[in-house]
Amino acid sequence: MRIKTLEEYKNQKKKFDDNPEKFWEEKAESFIWHKQWDEVLNWDFNTAKVNWFSGGKLNITENCLDRHLKERSNQIAIKWIANDPNEDNINITYKELHAQVCKFSNVLRKRGVKKGDRVCLYMPMVLELSIAVLACARIGAIHSVVFAGFSAKSLSNRINDAECTVLITSDGGFRGNKVTPLKDISDLAMQKTPSIESCIVLKRTDSEIEMKKDRDFWWHDEMMTADENAPAEIMDSEDELFILYTSGSTGKPKGIVHTTAGYMIYAQYSFQNVFQYNEGDLYWCTADIGWITGHSYIIYGPLLSGAITVMFEGVPTYPDAGRFWEIVEKNKINIFYTAPTAIRALEAKGTGFVRKYDLSSLKVLGTVGEPINEDAWNWYFKEIGGERCPIVDTWWQTETGGIMISNLAGINKAKATFATLPLPGIQACIVDDAGNELKENNIEGKLSIKYPWPSMARTIYGDHKRYIDTYFSAYPGKYFSGDGCYKDEEGLFRITGRVDDVLIVSGHNLGTAEIESAIDEHQNVCESAIVGYPHSIKGNGVYAFIICHEKPSNLQESNKEINDLIVKHVGPIAKVDKFLYIDGLPKTRSGKIMRRILRKIAGGETTNLGDTSTLLDPTVVESIIKESIN
Ligand code: WTA
């Protein structure tokens, strides 16, 4: 099934061009179905209605677990590595994982969870998180994983948006030398979540916590009596599999909805082809399961492929900056997938931490989440890959469900800082501001997709209109990604970054509106505007322009108070790096903040600010520049 040569790669592209539906139908045939689909594809980008494999009946966990039991029941499914290097790893086989998932499925069923119910998971990177995700999928409950770095308020907002009935969390989570009090945060959140009926708590850090009678239950108590036999719920192809929240340009986060069959098919297809996974390879994706990369390329893609997937609880710099490489050496990792921000942070610590370890087991390297700069790419290629491992620079999004643009490792050409080419089956294009496709090479524009693919998001939970407005209205008939893109002389794609108000900081998507509204909670703040500025490790740093009622007398104190508010309302990942207190913001006559100008100032530009003639008060700009230089 996997594309193994350049010739096959070209054939697959041709096959898709000749008959797209047949192309995807062939991919679908390798899975277990309870009933065949009636129709491969039905779509309309104007109403953003897309159905793949309608009428088909299946359960994704039977494809992740049950179907492997014949051939690989004693093979490792997940190799879990603890935060503390002295704590033992856990190797869980396909058979054991299947049993644990079935048991936890019964726990959820006993707590009254049914097909279609929403379950929120707020957990550290422990094995039980993967078990819980798969158990939800097994019983047809829709999982909504919330990254364990988010605040109580972010958690309760997400629970309420999806009206989750169960929350699964743990007493605490280990990350480096910190313990995050996840149950305390959950308790705070649950004060404002009327839909939650029960909370299942895993013991991980042995922290002292409160257990509320008849609401909170220990994971281990529940599992003790649970049966290992749990028939999978039979799902329709288009039944919802999960919701995952992502930041938007405006307002509250968007609950991106993925459905069962299309997501499954594309997760496996993209995993096998991009990483060129071979039987027995050890594959490690360092992402957190709180993000889409963890969903598709720690859990679903690898397990669907019968792979060995590594799950790491900790951080790259604990106990020191050699931790990743120590893990690679010790476990003989073959495929390694991480984010540019981690690469830059580790590069900054020097090669001493790398050279201590034998990295010769590595065969393929991957990167995701933000544009990778040339220097980091070269360092990754040379120091980590020993100039022998192809790098796959994979462009995709929460909304796309799987990798859309990337070279296939060792099959087609890699080029530093370029995601290169869309996968066979993906119709990516670059458009100008009017939405016209720019077909020639050596051009720059906005990245769009003009034909559906199986793992595309189907809607925003509870708000289909927002889904249409956000992705399908800028360029009618096309999905708009929100990214800028350059195509070189050979037609290779290089992603240049967001063109909207989403900020990518250390590979995390942050909505400027969310951060601004947290800042505006401060009693001395009238108004604020957030933009990104180039940051050598984080890719983008967070720059805040703030107007106060009274100029703060103690700047440091004010900065701290504001960052505390951000931590409370959003989470620590969104903290401001640079503050500038100003008297006015550059606004157009219609009252819109001209972020283009702020971005330039934040980047240190003081002259070429572009056209400022439409500003209500152009003198504001000079005064901001003056403040920024001071
Ligand atoms: C950015 C992460 C450049 C991009 C899978 C996209 C990238 C956003 C790359 C989605 C890449 C992701 N090169 N930029 N290889 N991969 N991005 O939803 O701006 O967390 O729109 O999904 O990350 O972030 P998300």
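**Chat about a predicted model**

Q: Asn442: buried, exposed or partly exposed?
A: Asn442 counts as partly exposed, because its relative accessibility is 47%. Keep in mind that this is a predicted model.

Q: Where is the place of Asn442?
A: Asn442 sits in the loop between E21 and strand E22, which covers residues 443-449.

Q: And what is phi of Asn442 near?
A: Phi of Asn442 is near 55°. That is a positive value, and Asn442 is not a glycine.

Q: What about Thr420, what is its phi?
A: Thr420 also has a positive phi without being glycine, with a value near 75°. Thr420 belongs to the loop that runs between E20 and strand E21 (428-431).

Q: Is Thr420 buried or exposed?
A: Thr420 is buried, because its relative accessible area is 1%.

Q: Switching to peptide bonds. Which residues does a cis peptide bond join?
A: Tyr318 and Pro319 are joined by a cis peptide bond, with omega at about -5°. Pro319 lies in the loop between strand E17 (308-312) and helix H12 (323-331).

Q: OK, cysteines. How many disulfides does the count come to?
A: The count comes to zero disulfides. The rule asks for two cysteine sulfur atoms within 2.5 Å. For Cys136, the nearest cysteine sulfur belongs to Cys164 and is 9.4 Å away, so Cys136 is in no disulfide.

Q: Next, the ligand. How many residues surround it, and which are the closest?
A: The ligand is surrounded by 17 residues. The closest are Asp393, Thr394, Thr398, Asp483 and Arg498.

Q: What is 2.9 Å from an oxygen atom of the ligand?
A: A polar atom in the side chain of Gln397. The side chain of Asn509 also has an N or O atom 3.2 Å from an oxygen atom of the ligand. On the backbone side, a polar atom of Glu370 is 3.4 Å from a ligand nitrogen.

Q: How much of the ligand does the protein bury?
A: The protein buries 96% of the 520 Å² that the ligand exposes when taken alone.

Q: Which elements give two or more residues to the shell around the ligand?
A: Helix H11 (292-304), strand E20 (391-394) and strand E25 (493-498).

Q: Now the inside of the protein. In the largest nonpolar core, which residues touch the most other members?
A: Phe104, Ile168 and Tyr300, out of 148 residues in that core.

Q: What is Ile168 in contact with?
A: If neighbours within four places in sequence are left aside, the contacts of Ile168 include Phe104, Leu108, Val119, Ile200 and Trp219. Cys120 is another of them.

Q: How many residues does the other core have?
A: The other core has 47 residues and lies apart from the largest one. Among its residues are Cys120, Ile185, Ala574 and Phe579.

Q: Why would such residues sit together?
A: In soluble globular proteins, nonpolar side chains tend to be buried together.

Q: Is Ser156 buried or exposed?
A: Ser156 is buried, because its relative accessibility is 7%.

Q: Last one, His549: buried or exposed?
A: His549 is exposed, because its relative accessible area is 56%. His549 lies in the loop between strand E29 (539-548) and helix H18 (555-569).

Q: What is His549 in contact with?
A: Apart from neighbours within four places in sequence, His549 contacts Gln523, Asn524, Val525 and Cys526.

Q: And what separates His549 and Ala419?
A: They are 130 residues apart along the chain, and their C-alpha atoms are separated by 46 Å.

Terms used: Residues numbered from 1 in each chain as written. Predicted model: local features only at pLDDT ≥ 70, side-chain atom pairs only at ≥ 80, totals over all residues. Heavy atoms only, no water. Core = buried A, V, L, I, M, F, W, Y, C linked by side-chain atoms within 4.5 Å. Buried < 20%, exposed > 50% of the residue type's maximum accessible area, 1.4 Å probe, protein only. Contact = heavy atoms within 4.5 Å. Near = heavy atom within 4 Å. Polar contact = N/O pair within 3.5 Å; in protein donor to acceptor, adjacent residues only side chain to side chain. Areas by Shrake-Rupley, 256 points an atom, 1.4 Å probe, with all protein chains shown as cover. Helix = DSSP H or I, 4+ residues; strand = E, 2+ residues; numbered from the N terminus.
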